[in-house]
Amino acid sequence: MKRFLALSLLCGLSVGPSFAQPATTGPMPVPPTDFATDARRSAYLARANEVLQWYVDSVKPDNPATFQSAQIAAKLARREDAAAVSARIVELMSVPQSQDMFWMFPWTAVSYLGRDQLTPAAKAAIRGQWKTYFPMRGDTENHWAMYYASLYLMSELYPDDPADSWFNGKSSAENRAEAKAYLVHWMDLATTIGQGEFNPTHYIGEYAIPMLYLATWAKDPEMKIRGHMKLDWLLADLAENTLNGVLRGPNARTDDTSVLQRWLALSSYFSWQCFGNTPPPASYGGFGVWFAVAAANYEVPEVIFRLANDRSEDFLQRDLKRSRRKWRYSDELMTPVYKTNYMRRDYAVGSYQGGMTDPIQAHVWDVTWAVPDPRGVHNTMFSVHPYASAQAMQMYFTELPDHMLALLSSQGKPSYDVPDKILGCSPYERVFQDLDTVIALYDIPADDRYPRVNGFFSKDLTDVTPDASGWIFARGGNTYLAYRPLAPYHWEHLLGYKQLPSKVGYKWERIDRGEKGDKLLVSPHGKNGTIVQAASVGEFKDFAAFQAAIRALPLEFKLAPVPTVKMRTLRGKEIAFTYGQAPKVDGKKIDYAKWQLFEGPHLNAAKGSRKLTITQGRLERVLDFNTLTITDRVTP
Amino acid sequence: MRLRSLSLGLLAGAVSLAAAPAPDFIIIANINRNYVIGSKIVTLNGLYQRDAAGAWRHFGSNDTSLSAVAFDPRDHNVIYTAALNGLWRSLDGGQSWRMCNDWSLTEARDVAVDPNAPDTVYLAVTDGVAVSTDRAQTLVRRENGLPGRGKYTQAIEIDRTRAGRVLAGCETGIYLTEDAAQHWRRVFAATDTVNDLQQSPHDPRVWLAATQSAGALISRDGGVTWAAFPGVPAEHALYNITFDPANPQRLAIGSWAHGVLTSEDSGATWVARNAGLPGAHRVWRVGADAAGRLYASVFGETLYVSDDFGRTWQPDALAGSLVNQFLLLPKAAN
Amino acid sequence: MKRLMLPHLALLTAACAVAQPSVEAPPPSRAPVPDAALRREAYHRRVDEVLHWRASGAGRPDPATMDMAAIAIKLTLREDLDLCSARVIEMMKDPGTGPFWMFPTVCVAYVGRDLLTPGARAAIRNAWRTTRQLRGDTENHWAMYYTSLYLMAELYPNEPAETWYSGKSSEENLAEARDYLVHWIDLTTSRGQGEYNPTHYIGEYAIPMLFLATWAKDPTMKQRGHMMLDWLFAELAANTLDGVLRGPASRTDEGSVIERWNSLASYFSWLLFGNTPPIGGYGGWGLYFAPLAKNYELPEVIYRIATDRGGDFVQRDRARTRRFWRYSDELSPAVYKTNYLRRDYAVGSTQGIMNDAIQGHAWDVTWAEADPRGKHATMFSLHPMSSERAMQSQFVTYPEPMIKGVTFEGKPSYDSPDKVVGVSYYERVFQDLDTVIALYDLAPGVRFPHINGFFSKDLVNVTEDKSGWIFARGGNAYLAYRPLAPYHWMKYLHRNGGWAKAAEDLGGRLLVSPHLKNGTIVQAASVGEFKDFAAFQAAIRALPLEFKLEPVPIVKMRTLRGKEIAFTYGQAPKVDGKTIDYAKWKLFEGPYLNAEVGGHKLTITHGRLERTLDFNTLTITDRVRAN
């Protein structure tokens with residue numbers, strides 16, 4: 001369970017340099033209007049340089065602790081202070097290293113950025129650690145992407161070194177072959193049956209950065225173009241899933257903060273850096289600098305840039321993804337994830353079909369709305385079953401059952417085993433979405449650890465109105481929302497977490513923000529459900545008219561023997577959805593088996609095709625991993 | 001590019017000339033020496049009109065590339081100029097202009113307006129002929145009967161007695177249309193370019209042509225048949241030819257090699273009239289005004305004028321000019 | 001109507017009396033830089049060198065030193081913005097005319113679209129209303145004219161006819177410009193370049209195409225600009241040796257034809273490939289490419305073609321002549337171009353055609369030099385044709401004035417018997433690998449009834465052999481030159497292009513053969529192929545060679561490469577008994593560039609890299625071939 005490494009690195013950096021970050025603390029970026037190549041390019045490079053400048057400025061001559069790998073990389077990227085950088089590297093490399101693949105990729109970047117700047121001693125110091133330090137490979141796809149991309153590039157940088165000069169006892173050629181074989185396998189998997197860690201709020205960095213490094217530094221033209229194509233692929237996926245630069249919809253893996261404040265995620269750094277349409281998080285997300293140091297070597301394809309910035313038309317995108325690997329207690333190693341995202345100017349609705357994708361960090365569905373400035377805003381509505389299970393953990397991890405739940409809290413996941421948690425997926429949740437209607441049904445066994453459903457009601461909602469009809473109406477930004485719990489409920493304050501100083505693992509205390517804080521709709525019933533519908537304020541004369549329209553919609557449901565709902569949506573669709581059965585729309589069954597890898601107006605790929613077509617207006621870019629071909633087309 | 005007289009009023013010759021109001025005397029003059037694309041234009045070039053005091057007054061755009069000008073006989077504010085870019089038209093006396101052609105037409109050599117169908121404009125270009133029937137708002141090629149190659153058209157002249165009757169001086173000879181360029185037929189074969197065509201202001205049946213390698217030609221049947229003037233040498237290019245509007249017997253030719261050649265017996269005999277012209281008297285154009293004064297534009301020098309039909313010459317105003325056309329423009333119908 | 005680059009350049013270079021590092025430094029390493037990131041950084045450093053050189057030579061205290069290039073560059077560098085606006089307003093009081101004023105102005109208008117004051121922007125816009133712009137008479141003029149008009153019409157859409165010099169609305173201007181550019185691209189990608197292999201004019205195409213690729217709002221035009229830029233640079237890459245353009249040129253000048261490096265093409269090689277020094281002042285026009293250069297990334301496959309030659313190669317292309325307005329059965333006959341490039345030398349030719357009335361260059365053998373600056377690393381012959389009729393065929397002129405005129409318009413040598421630039425009606429050329437046969441059948445009465453052979457000051461061991469061959473060595477190339485008629489020597493006197501009037505003695509000789517029926521054979525080989533110079537001479541002497549000059553010149557010979565060549569003036573050449581069929585030539589055919597006639601599609605290949613530019617579908621495809 002190595003993900004906490006990512007968080008710790010992120011947190012470590014974000015509390016590092018403590019002075020102004022212009023884009024983070026400044027006003028909201030103006031949405032791009034000039035799409036000319038020079039305007040886009042100069043703004044992109046200026047953003048990358050802001051990051052580098054911030055890190056360069058963070059070095060305090062009298063405080064070596066402020067002169068770490070990120071500052072070193074930033075200086076090398078700007079070709080500054082090569083001598084001082086070399087000396088500092090020798091110092092840093094003179095002590096035992098740690099952080100595994102989170103050590104590997106930064107020092108790979110430093111090695112390449114410094115290949116024509118560092119002293120032989122500094123180069124040798126880094127190279128020496130690749131013999132003496134034994135980084136772990138980790139247990140997640142993002143770990144492996146970082147590990148193998150780093151190993152690949154270092155073995156290309158030192159192409160003919162013998163086995164005894166590498167930590168793993170393999171020669172450069174062996175390491176290169178192993179790394180290439182895995183990376184090709186991973187790309188093959190991701191381009192045929194979908195991303196594993198799909199729509200990640202933070203982990204996009206752990207993929208985008210290694211891919212940028214391959215695209216920039218790989219000598220083998222095949223790996224170079226693969227890196228380039230996969231980076232395009234990742235950013236196209238990000239562009240399509242963001243509204244005003246903020247990532248929306250379900251996530252394979254997120255955290256307690258990002259699931260509420262959708263903007264506060266590393267993905268927002270990438271939106272800022274690549275699309276210029278939202279502020280970056282503090283410290284540029286911590287990992288941002290590692291993209292920035294090589295950003296000049298990549299140009300965001302115009303079709304992707306426009307896809308991220310043009311929300312003049314509503315669109316529905318359906319994608320196929322993968323669950324995390326299930327080592328046991330599952331008939332399949334990786335189960336398919338059917339992801340839906342409906343994007344409108346004022347709000348987004350996203351979901352997957354429910355069930356287990358990741359043991360701890362998944363987020364299944366939500367309705368999120370656009371706000372003028374997303375910083376500090378909890379612009380989301382959703383419900384979850386707070387599932388905590390040692391067996392579920394064992395499914396994914398090579399652990400024994402008994403100590404798992406307690407261990408998690410001390411490893412940085414205090415919310416995993418609490419009844420009021422809002423993060424995570426459940427084997428007892430089934431979700432169906434049609435446009436901007438979501439139905440989540442729950443059939444939680446009575447002996448489940450927490451047989452209840454938590455509905456999240458943001459501090460930023462206005463006009464929250466429980467209605468006699470059973471609907472709870474509210475407004476978020478320019479979006480009207482209707483939330484229908486299918487079983488009795490009560491309200492609780494959602495308690496926050498405050499980390500306490502601790503020398504042994506993490507310690508936390510819960511914080512009650514009172515009436516000003518977020519609220520939890522708690523429905524303590526195993527057979528349960530939630531219906532949410534959304535609409536733009538502009539679609540109705542006023543709030544009352546929206547409420548009337550919702551009330552007027554036929555709705556039948558029952559909870560036993562299993563929850564079932566029949567309803568007409570605001571969009572006039574007749575939905576029939578029974579827990580454990582395929583949903584029906586206007587009498588027609590949804591056949592998930594027919595879902596493509598990507599299907600929508602902007603991203604399209606057939607399952608198994610290894611070929612993604614990105615479309616925006618008259619621009620088209622095709623990434624074909626079968627022929628290692630990038631094709632840019634303009635339709636007349 | 002040559003003297004053109006559109007005047008129906010001139011049909012009766014000198015007598016009616018006296019009765020008619022004096023026509024305007026307009027030239028196209030380039031003063032900017034050695035202009036090449038990209039260099040700075042440092043003088044006023046293009047259209048000049050002689051005022052009552054005998055001074056040359058510039059009007060219209062400053063364009064070094066004009067080769068010919070034509071006016072709407074009903075309204076002289078409507079001006080057409082053939083130029084490097086193609087055809088420029090002004091509807092306001094030269095204050096503003098429209099480039100009437102697109103990229104498919106370029107390097108216009110000559111332009112003419114049909115006096116009997118004044119909305120119809122003929123444009124001679126490097127690869128044929130284009131026609132407009134709406135005052136050059138739109139232009140279409142009308143080349144049926146012109147050869148696929150060999151239709152470089154240097155001169156286009158309209159028979160003032162009949163609408164749609166037009167002669168074109170091309171690389172491969174003189175071509176005639178009698179249906180407004182719907183059909184052309186060759187009436188004289190040349191191996192090189194026909195440089196100039198003129199209809200007599202005195203007798204519309206009489207036409208003259210100056211050619212590059214076939215000497216000077218005359219037609220007495222409205223341009224259907226042509227004969228060379230025996231007294232005019234053919235071994236060098238003749239640039240233009242002109243009538244004297246004041247005297248039907250007088251003709252003049254401009255030539256780089258021969259300078260000014262004149263005839264005072266309707267072309268029976270010809271004499272070189274270069275005394276007083278400078279240097280090698282490389283004459284670019286000759287022209288005559290309503291009073292019969294003869295003008296010669298000398299390459300690399302300036303404009304000269306003769307009050308005795310070439311026997312003596314004096315420099316005119318507009319120092320350093322090279323004239324591409326002399327135009328006698330009768331007062332507008334309105 | 002020629003354009004004015006050289007004097008402009010001279011003035012510019014004088015204006016900026018600060019160092020031009022790469023111009024003055026030793027020649028750069030020619031070793032390819034495989035590392036893409038380092039390659040990009042080096043490219044950006046070269047761009048910055050140009051920007052900083054021009055910026056440092058302009059501005060306060062003398063704003064008059066700021067021409068449009070300096071303004072565009074200072075805007076790019078965000079320097080002296082107030083001065084830029086003031087200077088623009090000043091310069092727009094007296095606008096120029098024609099494409100060479102239009103494209104710099106468009107460059108400033110776009111680079112300054114968010115930086116110039118409203119007054120400065122209005123001044124530019126107003127000049128486009130008040131000042132008539134001449135379109136010019138060459139393809140490069142039109143590329144600049146219509147690109148500029150297109151971009152200004154996009155920058156100021158929906159404006160009425162009276163606000164434009166053309167008297168047409170923004171939409172009319174946009175449509176006309178677009179139609180022409182599409183037509184030109186269509187013609188070029190189906191029948192070849194008109195101004196092919198240009199030593200200088202590459203700038204007049206590359207700069208407008210970069211403008212389109214950077215600024216066009218219409219994505220189809222943006223894509224076309226990008227694709228044509230790649231196309232032009234791929235062609236440049238395939239025709240250079242160590243960054244120096246080789247082989248025949250549609251249009252060149254004296255300076256470039258004898259000192260092949262001395263051309264704007266070398267600026268582009270330097271900037272893009274980094275393998276040769278740039279010319280002084282960065283070629284003048286280079287200053288208009290530099291402000292946008294960082295928005296273009298040279299595709300690696302093109303870079304590799306220019307810098308990483310796998311071995312010798314032959315590239316056969318088609319091109320077009322300049323338009324013949326008259327005295328020709330075709331408007332723009334086909335040019336069949338061959339280029340054979342080896343490590344030590346290059347041999348290039350057309351079939352011998354009057355492609356341009358003044359500036360054509362039909363064939364040569366050029367050799368590699370460690371530092372090409374000041375070196376006359378070339379050997380060729382020509383008929384110094386000076387023809388009124390040739391002038392008339394391509395210009396709207398009378399016979400007599402044009403020849404006089406061009407000597408005032410930047411071509412002082414045109415009417416000189418000892419000139420070394422130009423093509424002739426009376427020359428036919430055939431090349432097989434590194435053998436060139438040029439046959440001449442001059443018409444009686446032709447103005448200059450002789451052939452000039454150029455013998456460079458940089459040749460060594462020039463040896464007139466009793467066999468009739470003249471042997472020499474240039475760099476690491478052995479050369480054998482065989483005149484087919486008697487000759488004498490004269491000093492070569494150089495009349496530079498531009499406005500130079502005086503003839504300079506730069507060294508070198510002309511082999512003058514004053515005979516109407518004539519011919520030249522040249523063969524080349526690498527020094528490393530023979531034990532010594534004598535062995536090369538012996539090998540040449542041993543080759544069977546028969547020729548006669550009456551009734552028309554005929555040559556039958558075996559080449560150093562063992563090919564049996566039979567070539568008769570006016571007839572199709574034969575190689576090993578097989579007649580060369582030019583009708584079968586493709587648009588591009590070779591190891592690096594391939595395209596079908598009429599295909600609108602170029603495939604650029606190097607090693608495992610491939611880039612396809614398909615104008616039929618407006619598609620750019622990058623592919624890496626798997627191992």
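A salt bridge is counted here when a side-chain nitrogen of Lys or Arg lies within 4 Å of a carboxyl oxygen of Asp or Glu. By that rule, Arg260(C) forms a salt bridge with Asp364(C), with the closest N and O atoms 2.5 Å apart. The model is a predicted one, in which local features need pLDDT of at least 70 and side-chain atom pairs count only at pLDDT 80 or more, while totals for chains, interfaces and linings use all residues. Residues are numbered from 1 along each chain as its sequence is written, chains are lettered from A and ligands numbered from 1 in the order in which they are written, and side-chain values use heavy atoms, with hydrogens and water left out.

**Between the two domains of chain C**

- The domain assignment of chain C, whose bounds come from an automatic or database domain assignment, gives domain 1 (2–306) and domain 2 (314–543).
- The centres of domain 1 of chain C and domain 2 of chain C, taken over C-alpha atoms, are separated by 30 Å, and their contact (heavy atoms within 4.5 Å) takes 48 residues from domain 1 of chain C and 57 residues from domain 2 of chain C.
- Between them these domains bury about 3,800 Å², 53% of it on carbon and sulfur atoms; buried area is the accessible area (1.4 Å probe) that two parts lose on being put together, summed over both.
- On the side of domain 1 of chain C, Tyr196(C), Glu254(C) and Ile258(C) lose the most area to domain 2 of chain C, together giving 20% of what that side buries.
- The count between domain 1 of chain C and domain 2 of chain C is four salt bridges.

**Between chain B and chain C**

- Here the contact takes 48 residues from chain B and 51 residues from chain C, and the area buried between the two chains is about 4,200 Å², of which carbon and sulfur atoms give 55%.
- Ile37(B), Trp103(B) and Arg149(B) supply 21% of the area that chain B buries against chain C, more than any other three residues.
- Four salt bridges are found across the interface of chain B and chain C, and Arg132(C) forms a salt bridge with Asp63(B), with the closest N and O atoms 2.8 Å apart.

**Between chain C and chain A**

- In this interface 29 residues of chain C are in contact with 32 residues of chain A, and the area buried between the chains is about 2,500 Å², of which carbon and sulfur atoms give 46%.
- The count between chain C and chain A is seven salt bridges, and the side chains of Asp218(C) and Arg618(A) meet in a salt bridge (3.6 Å, N to O).
- Helix H3 (36–56), helix H10 (202–215), helix H11 (219–238) and strand E26 (619–624) of chain C each supply at least two residues of the side of chain C that touches chain A; helices (H or I, at least four residues) and strands (E, at least two) are DSSP runs, numbered from the N terminus.
- Strand E28 (residues 629–634) of chain A is joined to E26(C) by five bridges, and the two run antiparallel, where strands pair if DSSP finds at least two bridges between them.
- Within E26(C), Asp622(C) is the bridge partner of Ile630(A).
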